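Subject: Structure for your attention, with notes

Dear colleague,

I am handing over the structure below, and I would be grateful if you could read it alongside the notes that follow.

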There are 2 protein chains.
Amino acid sequence: MTVTAPAGFVAAGLHCGIKASGAPDLSLVATADGAPVAAAGVFTSNKMTAAPVITTRRHLAHTKGRAAAVILNSGNANAANGAQGLDDAQAMCRGVADALGCDPHEVLVCSTGLIGIPMPIATIVDGIPGLVAARSATGGDAAAEAIRTTDTFAKQVLVTGPGFTVGGMAKGAAMLAPNMATMLAVLTTDAAVDPDDLTAILQRAVSASFNVISTDGCTSTNDTVLLLASGVAGPPADPHAFAAAVTEACTKLALMMVADAEGATKSVRIDVVGAASDDEAARGARKVADSNLCKCSWYGEDPYWGRIASELGSAGIGFEQERISVSYGGVTVAAGGVAVAHDDEAVRAHMAQRDLHIVADLGLGPGTATIFTNDLTHAYVDENRGTS
Amino acid sequence: MTVTAPAGFVAAGLHCGIKASGAPDLSLVATADGAPVAAAGVFTSNKMTAAPVITTRRHLAHTKGRAAAVILNSGNANAANGAQGLDDAQAMCRGVADALGCDPHEVLVCSTGLIGIPMPIATIVDGIPGLVAARSATGGDAAAEAIRTTDTFAKQVLVTGPGFTVGGMAKGAAMLAPNMATMLAVLTTDAAVDPDDLTAILQRAVSASFNVISTDGCTSTNDTVLLLASGVAGPPADPHAFAAAVTEACTKLALMMVADAEGATKSVRIDVVGAASDDEAARGARKVADSNLCKCSWYGEDPYWGRIASELGSAGIGFEQERISVSYGGVTVAAGGVAVAHDDEAVRAHMAQRDLHIVADLGLGPGTATIFTNDLTHAYVDENRGTS
């Protein structure tokens with residue numbers, strides 16, 4: 001159930017001294033022999049791009065999609081640190097390369113934590129030899145522990161297919177753990193897939209998973225998803241099954257993020273159907289998911305469909321108020337733009353659950369979209385009111 | 001300091017029975033003689049348009065911009081009520097017209113409160129004769145009281161210019177009072193201005209006032225701003241001064257809304273300067289204003305400039321991270337994309353104030369924009385978690 005489950009990978013995690021709490025804060029995923037393998041990455045679109053993202057992108061471009069290791073730290077995002085930040089990200093890669101015996105370009109780097117705080121780079125570099133020495137084929141759990149920030153549990157996944165295995169680890173999504181400002185995921189597989197195909201597969205998987213969760217609409221400076229393929233198991237007999245497995249692994253990690261969102265008491269699935277197009281459905285679903293008014297109503301277990309309709313009506317998409325219908329847990333509470341008689345008790349029971357399912361039908365066309373989100377609570381406000 | 005300050009207007013407010021609390025819930029602004037005068041309106045862009053908005057738009061179109069009265073109720077938004085909602089809005093106008101002796105098309109209507117709940121229309125219609133009978137030249141305060149929902153104080157304004165007076169009243173902005181789902185404002189003036197000019201003046205005033213405040217990015221089903229001109233004082237000698245006075249009145253009401261936003265502890269002015277264009281500056285400022293991460297940091301009095309930069313970097317506007325600088329209360333905390341040494345104590349003192357002022361300079365061009373917003377607090381979550 002870890003990044004070391006697929007053959008050909010080792011990992012480690014430990015406390016090097018970034019976090020004052022003494023919690024693990026430095027993590028490594030590497031190939032078993034220290035040789036580079038096919039690798040792909042998908043990154044934040046935020047132009048306030050963190051140094052590790054810039055560095056990892058450059059390294060993948062330089063090697064044409066090959067990597068021997070990923071080093072990750074929690075407790076500091078190394079974002080908004082200027083030229084020093086780039087030097088520090090480079091120093092982390094060099095430290096791993098020296099210990100592993102590979103080229104620094106073959107090392108990728110991810111950071112998560114506060115923005116705009118200089119990295120304690122000497123502490124990190126001092127910790128790297130011990131981290132690399134600790135790597136093992138059973139180190140996946142420790143690696144996943146060491147990337148946690150406000151996550152209440154380590155997020156790991158394992159998906160098996162015909163002749164291949166996909167493993168992964170992740171930490172809280174952008175606005176799930178916004179104080180820590182980042183969603184990171186590293187996936188591994190024993191399948192042999194060339195870098196270009198791997199990149200295409202990962203991009204599609206991210207679009208269908210991490211990009212359909214939203215908790216507060218913010219985009220981090222550091223968001224990164226990486227996939228390394230050791231090739232030990234040879235090319236997948238069924239390429240479609242492999243792509244599906246990568247998507248499944250990403251989806252499972254994404255849903256764990258929503259379930260563990262900062263301070264959340266509800267996981268909410270929103271389906272918008274009957275839109276003029278899939279794109280309009282997605283924009284409408286995201287407008288509802290990012291609405292503080294809707295989020296507060298879910299926290300209060302209140303099936304206030306008027307807010308759903310109001311958000312869809314102001315989403316800039318095709319909308320006719322006399323066609324909108326809304327259901328909670330399969331019970332239709334509004335149709336044709338007005339409230340309809342329904343089983344109040346069934347709706348109340350649904351709203352009391354942890355997992356809510358809302359369907360809004362625009363009644364206009366064939367467009368559909370699904371997004372996963374969560375509620376807005378006191379605890380979210382508390383986790384984000386200060387950096388200390 | 002009320003809608004009855006300009007000559008030619010009367011007003012009233014009372015409890016008719018919509019609110020269980022017994023608080024005032026029915027409000028009237030009318031011309032002193034019951035005859036129609038020039039009138040203009042600006043309305044929500046939400047396609048989930050409430051019945052009173054549809055009705056008021058139709059009436060202004062029918063009369064080519066003339067009205068004798070505005071009736072307003074709080075406690076029910078009359079939104080998402082289908083054909084019945086339109087009938088009810090019409091019944092309110094007819095009730096006032098019957099009592100005043102004018103045409104129903106000369107009556108405008110505004111509602112604020114919960115969405116999707118049928119109006120207690122019999123209660124309202126029964127209350128109208130008493131409301132109209134209670135109208136007086138000193139009734140402005142009572143009218144302003146009766147449109148309050150979660151507002152903690154009645155919002156009124158008076159601006160005088162050379163030979164004219166502009167008065168106004170308002171209730172909390174969309175997401176300031178989102179449970180109640182609406183921002184309403186009624187302005188009056190004794191100036192003589194024709195309906196087309198009045199509409200143009202009001203549209204520009206709204207763009208520069210109500211449209212530059214944002215508390216949670218939501219757009220209500222009922223937002224309405226109306227301006228009636230009695231003409232008693234004759235045409236304004238200085239038309240520019242009149243337009244400026246309308247903008248000033250709207251701005252003062254808008255700032256009262258921000259100061260009284262649900263659960264807010266901070267009023268925040270955000271200036272984005274150095275953008276490629278004014279439009280890009282405005283989009284960036286709004287992205288910051290609507291960010292829950294930024295809002296929580298203001299609540300926590302935390303000058304976390306990295307979040308400001310991160311929001312601007314993901315706003316879809318021109319942005320180069322090595323050019324961004326950010327200041328709090330005039331103290332620059334970041335320049336060239338990195339933190340800079342500054343007077344910590346001065347920043348701490350500024351963040352402890354009720355009114356915060358943040359300037360983000362993109363360093364790219366001449367574009368500037370200002371937006372006013374507030375923080376995100378426990379009290380906001382509480383006010384919006386349920387409808388009961």
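This is a predicted model: local features need pLDDT of at least 70, side-chain atom pairs count only at pLDDT 80 or more; totals for chains, interfaces and linings use all residues.

Residues are numbered from 1 along each chain as its sequence is written, while chains are lettered from A and ligands numbered from 1 in the order in which they are written.

The two copies

Contacts, here and below, are pairs of residues whose C-beta atoms, placed from the backbone, lie within 7 Å. On that basis the contact between the chains takes 50 residues from chain A and 51 residues from chain B. On the side of chain A that touches chain B, at least two residues each are supplied by α8 (292–299), α9 (305–313), β14 (338–339) and α11 (378–384) of chain A, and α9(A) gives the largest share, six residues. These element names refer to DSSP runs numbered from the N terminus, with helices being H or I of at least four residues and strands being E of at least two. By class, the side of chain A that touches chain B divides into 19 nonpolar, 25 polar and six charged residues, where Ala, Val, Leu, Ile, Met, Phe, Trp, Tyr, Cys and Pro count as nonpolar, Asp, Glu, Lys and Arg as charged, and the others, Gly among them, as polar. Because 100% of the interface residues of chain A are also interface residues in chain B, the copies meet through the same surface.

The sheets

In chain A, six strands form an open sheet of mixed pairing, in the order β14-β13-β12-β15-β11-β16, with two strands counted as paired if DSSP finds at least two bridges between them. At the edges stand β14 and β16 (367–374) of chain A, each with a single partner strand, so one side of each is left without a neighbour in the sheet. Strand β13 (residues 331–335) of chain A runs antiparallel to β14(A) and is joined to β14(A) by two bridges; A:A335 has A:V338 of β14(A) as its bridge partner.

Chain B likewise has six strands in an open, mixed sheet with the order β14-β13-β12-β15-β11-β16, and its edge strands, each pairing on one side only, are β14 (338–339) and β16 (367–374) of chain B. Seven bridges link strand β11 (residues 267–275) of chain B to β16(B) in the antiparallel sense, and B:D271 is partnered there by B:T370 of β16(B). Helix α10 (residues 344–351) of chain B packs on this sheet, where α10(B) touches β12 (325–328), β13 (331–335) and β15 (355–361) of chain B and its direction makes about 110° with that of β13(B). Axes are lines fitted to C-alpha atoms, for helices over the stretch in contact, and angles run from 0 to 180 degrees between N-to-C directions.

Helix packing

In chain A, the axes of helix α5 (residues 195–207) and helix α6 (residues 239–259) come within 8 Å and cross at roughly 40°. The two helices α5(A) and α6(A) are therefore oblique to each other, given that angles under 35 degrees count as roughly parallel, over 145 as roughly antiparallel, 65 to 115 as roughly perpendicular and the rest as oblique. The contact brings A:I201, A:L202, A:R204, A:A205 and A:V206 of α5(A) together with A:A243, A:V246, A:T247 and A:C250 of α6(A), and its residues are seven nonpolar, one polar and one charged.

In chain B, helix α7 (residues 278–289) and helix α9 (residues 305–313) pack at an angle of about 130°, with their axes 9 Å apart, and α7(B) and α9(B) are therefore oblique to each other. Here B:G284, B:K287 and B:V288 of α7(B) meet B:I308, B:E311 and B:L312 of α9(B), a contact of three nonpolar, one polar and two charged residues.

With best wishes

Key:
Two residues are in contact if their C-beta atoms, placed from the backbone, lie within 7 Å.
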